[in-house]
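Good morning, colleagues. Please bring up the sequence and the coordinates, and I shall then go through helix packing, the record's annotations and model confidence in turn.

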Amino acid sequence: MKGKCFLSLLTWSLIVLLVLLEAPTGNGSNGRLENGEIKLTVRVPVRDGFPQFVKVVWDPSQQKYTASGYCMDVFNAAVTYLPFNVSLHLLPAAVESSYGFRFDQALQKQIPPKNEVVVGDVTILANRSNYADFTVPYTASGVKMVVPAKHGRDQNMWTFVKPFSWDLWLSIIIISTFIGLAILIMERNVNALPNQEGEVVVKGCSRFVLMVWLVLAFVLMQSYTANLTSILTLDQLQPSFLNVNDLRREGYYVGYQGGSFVYDVLIDRFKFDPSRLRPYNNTGEYHDALKLGSKNGGVAAIFDEVPYLKLYLQEYGSNYIMSGPEYRNAGFGFAFPLKSNLTAYFSRGILNVMESGLMNEIEDKYFGKSSIGEDSSAETSSSEPLSLSFHSFSGLFFISGISTLLALLVSERFIWQRLVLKHCLRGMSLIPLFKKETRTHPTHDSTHGTEA
């Protein structure tokens with residue numbers, strides 16, 4: 001009897017365990033999402049500034065909120081790749097940008113344990129993953145600084161050597177010396193005739209080598225002139241501050257986007273004094289603060305994520321430049337409640353959007369042809385022209401060297417022919433010696449020395 005009770009209890013325990021395993025996990029839905037429609041609440045952060053990423057407005061005709069922008073378009077495109085239907089209900093989520101109220105806190109409070117997602121320019125961070133699950137990033141990011149650019153030309157007494165790199169200068173010296181020695185060898189036995197006193201070289205081979213050298217010199221001279229002109233006339237943009245240490249050591253004020261995790265980066269990673277940090281909300285405030293400068297109530301630099309800084313440089317980039325070190329992060333993603341099964345579905349949807357080419361169309365719609373991800377194009381455009389290297393003219397040097405060597409061999413053919421002939425004659429003179437060594441001596445008859 002006890003055995004039957006024990007078996008019944010064990011059977012019911014197994015049944016309960018199987019039911020729990022089949023039940024929905026975490027705050028999401030179970031694995032059979034394809035068969036029904038999911039009601040999903042979409043919370044969109046509302047902040048002042050950067051409407052290209054996300055913008056929420058109240059539609060009085062439909063009596064509901066509508067959202068637009070880069071982040072929303074990516075989200076809507078990912079929804080089309082889901083294997084089930086989704087009913088979206090949009091709710092704005094106000095995020096204060098003033099000092100003391102953090103976007104991290106808003107994100108933590110605004111994901112209750114149900115089918116909700118935060119859609120916007122939300123950066124994936126390690127500490128945020130403690131209270132939310134993130135999809136794969138749909139754009140790259142990282143923290144850098146924008147500073148005023150100094151216009152000018154970096155010139156000194158050695159500017160004239162900058163068009164060519166050191167290896168190219170060394171190669172020019174070597175090839176010129178080689179060609180000069182070759183001409184000197186070919187012209188060493190030429191006697192100046194009355195009708196040839198005005199000629200530099202007389203032999204045909206010498207003239208050929210001189211022509212090769214003139215072609216080489218012409219190409220190098222034209223390239224040198226063009227690159228030197230660029231160095232002397234190009235307006236080079238140089239950052240007013242190259243690193244964070246200069247800003248921190250001199251006590252300059254710096255700005256950041258209010259409500260962003262960049263505040264933590266400036267304090268924990270770059271060791272700034274919190275009293276030297278000033279929050280701003282949009283590109284217009286960035287511009288006004290940088291124009292005033294740190295000593296006049298503004299800032300010396302603006303720290304923000306690369307996508308926001310690129311938007312700023314598109315509008316005010318003629319007088320500003322990105323500079324300094326970069327604090328890397330994963331990028332923007334959609335935030336779901338912890339252990340939500342929807343995270344994996346939307347991650348696959350984002351990957352499908354990227355691979356389909358639709359992501360490029362969305363980026364072009366809001367940001368033009370320039371990418372908003374990590375890229376150094378905004379900085380490389382301000383650098384000075386690069387010095388020309390030996391690799392750019394290696395083919396020309398090779399042709400010049402081979403041509404000179406062949407001309408030298410043709411011009412001095414009598415010398416090496418004489419050496420070859422002398423070597424052959426010397427080999428022939430050794431033949432009689434070998435014959436003498438192999439000659440047999442005659443034998444003497446014993447009877448020739450006796451008298452009759």
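In helix 8, the residues T283, G284, Y286, H287 and L290 meet Y312, E315 and Y316 of helix 9. Sorted by class, this contact holds four nonpolar residues, three polar ones and one charged. Helix 8 covers residues 283-292 and helix 9 covers residues 306-316; their axes lie 10 Å apart, at an angle of about 65 degrees. How are the two oriented, then? Angles of 65 to 115 degrees count as roughly perpendicular, and helix 8 and helix 9 are therefore roughly perpendicular to each other. The handedness of their crossing is right-handed.

Let me turn to a second pair, helix 4 and helix 5. Helix 4 spans residues 166-186 and helix 5 spans residues 204-233; the axes come within 10 Å and cross at roughly 160 degrees. Because the angle is over 145 degrees, helix 4 runs roughly antiparallel to helix 5. The crossing here is left-handed. On the side of helix 4, the contact involves W169, I172, I175, S176, I179, I183 and M186, and these meet C205, S206, V209, L210, W213, L216, L220 and Y224 of helix 5. What classes of residue make up this contact? There are 13 nonpolar and two polar residues, with no charged residue.

This brings me to the annotations. The unreviewed UniProt entry places the feature "transmembrane region" at residues 168-186, 207-224 and 390-410. In the model, residues 207-224 are 100% helix and 0% strand, with 25 Å between the end C-alpha atoms.

Helix 2 comprises residues 70-79, and helix 11 comprises residues 358-367. They pack at an angle of about 160 degrees, their axes being 10 Å apart. This makes helix 2 roughly antiparallel to helix 11. Their crossing is right-handed. Helix 2 contributes Y70, D73, V74 and A77, while helix 11 contributes L358, M359, I362, E363, K365, Y366 and F367. The contact of helix 2 with helix 11 comprises eight nonpolar and three charged residues, and no polar ones.

Finally, confidence. The protein chain has an average pLDDT of 78, and 71% of its residues score at least 70. Which elements mark the two ends of the range in mean pLDDT? Helix 2 has the highest, at 95, whereas helix 12, residues 377-380, has the lowest, at 42. Over residues 374-383 the pLDDT is below 50, yet this stretch has 18 contacts in the model beyond near neighbours in sequence. Residues 446-452 also stay under 50 in pLDDT, and there the model has zero contacts beyond four places in sequence. Where pLDDT is low, the predicted coordinates should not be read in detail. That caution applies to residues 374-383, with pLDDT below 50, and to residues 446-452, with pLDDT under 50. Thank you.

Conventions:
Residues are numbered from 1 along each chain as its sequence is written. This is a predicted model: local features need pLDDT of at least 70, side-chain atom pairs count only at pLDDT 80 or more; totals for chains, interfaces and linings use all residues. Side-chain values use heavy atoms; hydrogens and water are left out. pLDDT is the predictor's confidence in each residue, from 0 to 100. Helices (H or I, at least four residues) and strands (E, at least two) are DSSP runs, numbered from the N terminus. Contact means heavy atoms within 4.5 Å. Axes are lines fitted to C-alpha atoms, for helices over the stretch in contact, and angles run from 0 to 180 degrees between N-to-C directions. Angles under 35 degrees count as roughly parallel, over 145 as roughly antiparallel, 65 to 115 as roughly perpendicular and the rest as oblique. A crossing is left-handed if the near helix is turned anticlockwise from the far one by less than a right angle, and right-handed if clockwise. Ala, Val, Leu, Ile, Met, Phe, Trp, Tyr, Cys and Pro count as nonpolar, Asp, Glu, Lys and Arg as charged, and the others, Gly among them, as polar. UniProt positions are given in the numbering used here, feature names are shortened, and annotations may be inferred rather than shown by experiment.
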